[in-house]
Amino acid sequence: MHELSIVMSILDIAEKESAKNKAVQIDEIELEIGELSGVDMPAFDFAWQQAVKATRLEAAVKTVNHIPGEGLCMNCEAVFPMHQLYKPCPVCGDHFITILKGKELRVKSLVIN
Ligand SMILES: [Zn+2]
């Protein structure tokens, strides 16, 4: 499952950070997940609940910041909200789009103890 491997890599980052700081427990974790990152949130949450058992993150409060997608058309330079990948520019119909926002998938902050 795609989401489980994402969760495992987040746990890995969190474990390494907390070990570096000699933390025994992580109280809070804040994540940034973009609209265009391809993460299925129900699957992500399910995988999360399974994966955090017996880790420093078991009792952590998880906050997810959802980053809306935003694209820039390379043809007409329009900036527009993007809810799906591979959508043409809504202004000129061009397919040459640069994604400005929405691909984020990262740990923004950890509160450790
Ligand atoms: Zn355009």
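These legends describe close-up views of a predicted model. Residues are numbered from 1 along each chain as its sequence is written, and side-chain values use heavy atoms, without hydrogens or water. Local features need pLDDT of at least 70 and side-chain atom pairs pLDDT 80 or more, while totals for chains, interfaces and linings use all residues.

**View A. Parallel strands S1 and S2.** Strand S1 (residues 26–34) runs parallel to strand S2 (residues 61–67), joined by seven bridges. Strands are DSSP runs of E, at least two residues; helices are runs of H or I, at least four. Pairing requires at least two DSSP bridges. Leu-31 has Val-64 in S2 as its bridge partner.

**View B. The zinc site.** Cys-73, Cys-76, Cys-89 and Cys-92 coordinate the zinc ion through SG, at 2.3 Å. Donors are N, O and S atoms within 2.8 Å of the metal (3.2 Å for Na, K and Ca). Their spacing along the chain is C-x2-C-x12-C-x2-C. Cys-73 lies in strand S3 (residues 70–73) and Cys-92 in the loop between S4 (79–81) and S5 (97–101), so the pair ties together parts 19 residues apart in sequence. Cys-73 is buried at 0% relative accessibility; Cys-92 is partly exposed at 36%. Buried means under 20% relative accessible area, exposed over 50%, partly exposed in between (1.4 Å probe, protein chains only).

**View C. Salt bridge Lys-108 to Glu-30.** The N to O distance is 3.9 Å. A salt bridge is a Lys or Arg side-chain nitrogen within 4 Å of an Asp or Glu carboxyl oxygen. Lys-108 in strand S6 (residues 105–112) and Glu-30 in S1 are 78 residues apart.
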